[in-house]
Amino acid sequence: MTATPAAPWWRHAVTYQVYPRSFADANGDGIGDLPGITSRLPYLRDLGVDALWISPFYKSPQKDHGYDVSDYCDIDPLFGTLADADALISRAHELGLRLIVDLVPNHTSSEHPWFQAALAATPGSPERARYLFRDGRGPNGDQPPNNWRSVFGGAAWTRVPDGQWYLHLFDSSQPDLDWRNPEVGDMFEGVLRFWLDRGVDGFRIDVAHGLLKEESLRDQVVPHGIDPSSEAKSMIQLSLTDEPMWDQPEVHDVYRRWRRVLEEYPGDRMLVAEAWTQTAVSLARYVRPDEMHQAFNFAWLLAPWSAKAFAEVITGTLEELADIKASPTWVLSNHDVLRHATRYGGGELGVTRGRAATLAMLALPGSAYVYQGEELGLEQVEVAPEDRQDPTWLRTRNTAKPEEGRDGCRVPIPWSGTEPPYGFGPGSGQPWLPQPDSWAPVTVEAETGDQGSTLELYRRALAARRQYAGPNGGETVELLDLGADVLAFRRDGLTVVLNCGDEPVTLPAGEVVLTSEPLTGRTLPANTAAWLT
């Protein structure tokens, strides 16, 4: 009998997202760094995750905290050195952890040598052809080339002294590349190989639905009643159906090329897309057999606290991926969105619901992504205006509709002690974003050993997943009808019940192996989840 080959590691992995500035600080400057991450890798191994994804650590002026890259093949001194990166990769592998790095291909920093050369060159030059420079509209060319808006607020165009304009779908310090120029694709193939040669196991692709724009750069058609000059529209607010700047067919040629590169390397290297698309059908295109391996399932993240909504996401996701045999992903929080404990109501209610949603997520087929600090039950932090650093806030703070930005989910996580910086680093006082004075009960130190803590629940859940719902779990999910406010499903011999209602429900038959809150007999409280075999 021929043994069935093992599935690639990423198909069932739980990956932990590390936001480098806010994970662990080794040198005491108040900002997290690569040696800090390396020192905390045993914590991630003991937590029970399979891999870590690290947000950008490349050389950068940090206008968008690393998502503005000036050198894709070097480390910003703020975070360490290439030797530190090599040590991190090596140590992760020693501990049995895979390592995924962030890649930012839609735009560079305005301080990237290519863009500096473009500014020094003339209109129509090869240097400018690497970016999207265009003449303006109006008699004197003093109007932007089209009506596109920046995700971070304001116009998506900035004028340079010679009169031309350049496109930036994000901050003006992040000029968009022209992916129709072969030089761009060649450069990024070199970047992929640089990091693959150093041993990374995969790449998370930032703004994967961007890169290519409609070649004409025509105006966006804006529905009646929507003001095209309104301020920042988040990528998750897909209120405009005409999107000439997003999700163009040619972008898939880029990922087919990248897939061929990864397949030259051993060890099941992988690509995961951050692709904010309008439908599940369009998202599925990114994970066809010759493109990306995975794409983030933001429909799960965006679903309200509702059994019906969760069930619809599960059904829709699995149906769209079935024909192409792609691996589904599930995620509740990341560095760009409100932490899910706050989205689910905040306070004790929000944390309780977050714990329950996590148990349901971890029981589903495919892989799950966990954002740093959610295992502690952290909520969104209210960051004072004077402390905010997100470019979304900086670009909109003086407008009629200021955007608070993403700083509240990026506050450095607490490790130990009773006051800031809570063991984040060897320094004293507040780190780069101030931590709340109320965090002493939610440090790793405080929650370790407390069987009622969120941290210990995550540890139990991740251990149970390996036994019941990871590689050993089936791919088929059968939804069960236990009432309108209850999400229930069966996967092989595992039954999962999530009570989204306000009243307790009676559990079906089976041995209870895991619950998000203590039970009284066979009764599942409101806002609680259980696994049964």
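A: Start with proline 421. Proline 421 sits in the loop between α12 (391-396) and α13 (444-447). This is a predicted model. The peptide bond that leads from proline 420 into proline 421 is cis. Its omega is near 10°.

The protein chain carries 14 helices and 20 strands. Its radius of gyration is 23 Å, close to the 24 Å that the globule rule gives for 533 residues, so the chain is as compact as a globular protein of that length. The C-alpha trace spans about 75 × 55 × 55 Å along its principal axes.

How much of the chain counts as buried? Of the 533 residues, 59% do. Contacts tell of links across the sequence. Among contacts in the chain with a separation of 6 or more, 67% are between residues 24 or more positions apart.

The chain exposes about 20,300 Å². Carbon and sulfur atoms supply 51% of that area. As for charge, there are 47 positive and 75 negative side chains. The centres of these two sets lie 3 Å apart.

Other loops have backbone features too. Take valine 207. Valine 207 lies in the loop between β9 (202-205) and α6 (251-262). Valine 207 is not a glycine, yet its phi is positive, at about 50°. Is valine 207 buried or exposed? Its relative accessibility is 2%. Buried means under 20%, so valine 207 counts as buried.

Aspartate 492 also has a positive phi, about 55°, although it is not a glycine. Aspartate 492 belongs to the loop between β15 (486-491) and β16 (494-499). Its relative accessible area is 53%. Exposed means over 50%, so aspartate 492 is exposed.

Now a side chain in a loop. Asparagine 334 is placed between β12 (329-331) and α10 (340-343), in the loop. Asparagine 334 is buried, with a relative accessible area of 6%. What lies by its side chain? The backbone nitrogen of aspartate 336 is 2.7 Å from a polar atom of the asparagine 334 side chain. The backbone nitrogen of valine 337 is 3.4 Å from a polar atom of that side chain. Leaving out residues up to four places away in sequence, asparagine 334 touches Gln17, Phe298, Leu301, Tyr371 and Cys409.

Threonine 342 counts as partly exposed, at 24% relative accessibility. Which residues does threonine 342 touch, not counting those up to four places away in sequence? They are Glu379 and Gln380. Glutamate 379 is 37 residues from threonine 342 in sequence. In space, the C-alpha to C-alpha distance is 5.4 Å. There is a polar pair here as well. The backbone nitrogen of glutamine 380 lies 2.8 Å from a polar atom of the threonine 342 side chain.

Return to the loop where we began. Between α12 and α13, look for the cis bond from proline 420 to proline 421. Then find asparagine 334 with its 6% relative accessible area, and aspartate 492 with its 53%.

Note on methods
Residues are numbered from 1 along each chain as its sequence is written. This is a predicted model: local features need pLDDT of at least 70, side-chain atom pairs count only at pLDDT 80 or more; totals for chains, interfaces and linings use all residues. Side-chain values use heavy atoms; hydrogens and water are left out. Helices (H or I, at least four residues) and strands (E, at least two) are DSSP runs, numbered from the N terminus. The radius of gyration is taken over C-alpha atoms; the globule rule is 2.2 Å times the number of residues to the power 0.38. Buried means under 20% relative accessible area, exposed over 50%, partly exposed in between (1.4 Å probe, protein chains only). Contact means heavy atoms within 4.5 Å. Accessible areas come from the Shrake-Rupley method with a 1.4 Å probe; for residues, only the protein chains shown count as cover. Lys and Arg count as positive and Asp and Glu as negative; His and the chain ends are not counted. The place of a charge is taken as NZ of Lys, CZ of Arg, CG of Asp or CD of Glu. A polar contact is a pair of N or O atoms within 3.5 Å; within protein, one must be able to donate a hydrogen and the other to accept it, and residues adjacent in sequence count only if both atoms are side-chain atoms.
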